[in-house]
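Subject: Structure handover

Hello,

Please find the structure below. My notes on it follow.

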Amino acid sequence: MKETTTIEKPHLVENYVQSLMADHVENDDTITFPKTHFNLCLVKLASETMVRERSCFNGYAMYYENLLRHQHQLLYTKEQEIKQIRSSKENSEKNSQVDIDCQLADKSHELLLEITALRAKIKELTDELSNQESDIRECLRKDYNTVVRDLFSRCFSMKNKFEEFRGSLYDDVLENLNDAETESNVHLARAERIRGYQEENKHLGALFYKVRTLNFWKNTRMSSNHFETVASLRDEADKAKKECLDIKKMAEERELLLKQEQTALRKALEQVEKEAQTLKKKLSHERKAKLQKTHTRIQEARSSKQMELAKSTNIDKLISDLDERENQLRAITANLLRDQKKNVMAKEHSKKAKKQLLQQLDVERNLKLGAFERVDELQRQ
């Protein structure tokens with residue numbers, strides 16, 4: 001919106017000329033006015049100029065006041081638009097930041113769940129591998145024990161066979177010796193003693209082998225029982241380890257959930273603090289706006305008072321200027337009257353001088369004509 005002023009053009013000169021020419025007397029080259037009429041025209045001109053100046057001053061004052069109000073309104077609207085843009089920008093930034101935080105929290109939660117699932121799978125696979133290794137080892141141990149037992153039993157049977165063969169061989173030798181007893185009577189008593197010792201030795205060897213086999217079977221039985229108890233204890237230990245791992249997994253998941261809840265609560269607290277700060281800022285802005293409004297109102301009141309004072313002072317100045325102009329007009333009119341009188345006197349004097357010159361020229365012309373006539377007459381004579 002563009003402010004414009006339309007001030008009417010006063011026809012002061014035309015009105016002054018019309019009012020002045022309303023009562024005049026024309027002579028050949030002079031125009032005369034009565035003094036009272038001339039003074040009335042001057043007073044009317046002064047009043048019209050005063051009215052013109054007052055209307056111009058009021059018009060320009062209103063024009064500039066409207067301009068100032070319009071500019072203040074434009075500034076206020078622009079400030080409000082800037083505030084709205086800033087608030088919308090802050091809200092959009094806050095919303096985008098909140099969305100980003102929520103997305104990051106969701107993604108981190110999903111990643112943590114995936115990591116926990118992968119850890120659980122890895123632990124399950126490691127447990128399965130350890131169980132398979134333990135099963136394979138137990139199977140190998142069982143097979144090894146069976147093989148060792150078979151070998152031991154075979155070796156023991158082979159030893160028994162060798163012992164039996166040795167006993168049979170010994171019997172054969174003894175038979176041969178008995179056969180040879182007949183040949184050697186000298187060595188009979190010695191042979192009988194040796195045979196008794198040998199029988200005792202054989203009996204003791206058989207007892208020793210029996211005791212040895214019994215001890216071996218006892219040891220094998222105890223070792224098998226020991227292996228069975230060890231296997232059962234290992235199974236129980238594996239079960240306890242699995243239970244411990246499950247408990248650890250549950251505890252880790254609970255810790256992760258608690259940490260996520262703590263982070264979510266911290267973010268919520270930060271958002272609440274940010275909202276509180278924004279509310280404080282808004283309240284401070286509103287207070288500032290109220291203070292600015294009150295300040296603008298005070299300034300407007302002061303400006304209106306100043307304008308009124310300026311108007312009053314300007315009116316006084318105009319009155320003083322008009323008085324000075326009236327005095328100047330009076331002096332100018334007096335000078336005009338003097339000049340007019342001087343012009344009239346100069347015109348009368350010039351007319352008189354002109355008449356005298358014309359008379360002198362006529363006299364000189366007549367004299368010259370008389371002289372020429374006399375010269376012609378003299379030439380004719």
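Leaving aside its neighbours within four places in sequence, which residues is Phe-38 in contact with? They are Tyr-16, Leu-20 and Thr-333, where contact means heavy atoms within 4.5 Å.

Some conventions before the rest. This is a predicted model, in which local features need pLDDT of at least 70 and side-chain atom pairs count only at pLDDT 80 or more, while totals for chains, interfaces and linings use all residues. Residues are numbered from 1 along each chain as its sequence is written, and side-chain values use heavy atoms, with hydrogens and water left out.

Overall make-up. The protein chain has three helices and two strands, in the order α-β-β-α-α from the N terminus. Helices (H or I, at least four residues) and strands (E, at least two) are DSSP runs, numbered from the N terminus. Of the 381 residues, 9% count as buried; buried means under 20% relative accessible area, exposed over 50%, and partly exposed in between (1.4 Å probe, protein chains only). The accessible surface of the chain is about 32,500 Å², with 58% of it belonging to carbon and sulfur atoms. Areas come from the Shrake-Rupley method with a 1.4 Å probe; for residues, only the protein chains shown count as cover. Among contacts between residues at least 6 apart in sequence, 79% join residues at least 24 apart.

Core. The largest nonpolar core consists of seven residues: Leu-12, Tyr-16, Leu-20, Phe-38, Cys-41, Leu-42 and Leu-45. Helix H1 (12-21) and helix H2 (35-181) each supply at least two residues of this core, and the largest share, four residues, comes from H2. A nonpolar core here is a set of buried Ala, Val, Leu, Ile, Met, Phe, Trp, Tyr and Cys residues joined through side-chain atoms within 4.5 Å.

Cysteines. Cys-41 counts as buried because its relative accessibility is 3%. Cys-56 is also buried, at 17%. A search of the whole structure finds zero disulfides, a disulfide being a pair of cysteine sulfur atoms within 2.5 Å.

Surface. Val-13, Val-17, Met-21 and Ile-31 make a nonpolar patch of about 320 Å². Its largest share, three residues, comes from H1. Ile-31 lies in strand E2 (residues 31-32) and, at 37% relative accessibility, counts as partly exposed. Patches are made of residues with over 30% relative accessible area and no salt bridge, with like charges joined within 9 Å and nonpolar side chains (Val, Leu, Ile, Met, Phe, Trp, Tyr) within 5 Å; a salt bridge is a side-chain nitrogen of Lys or Arg within 4 Å of a carboxyl oxygen of Asp or Glu.

Regards
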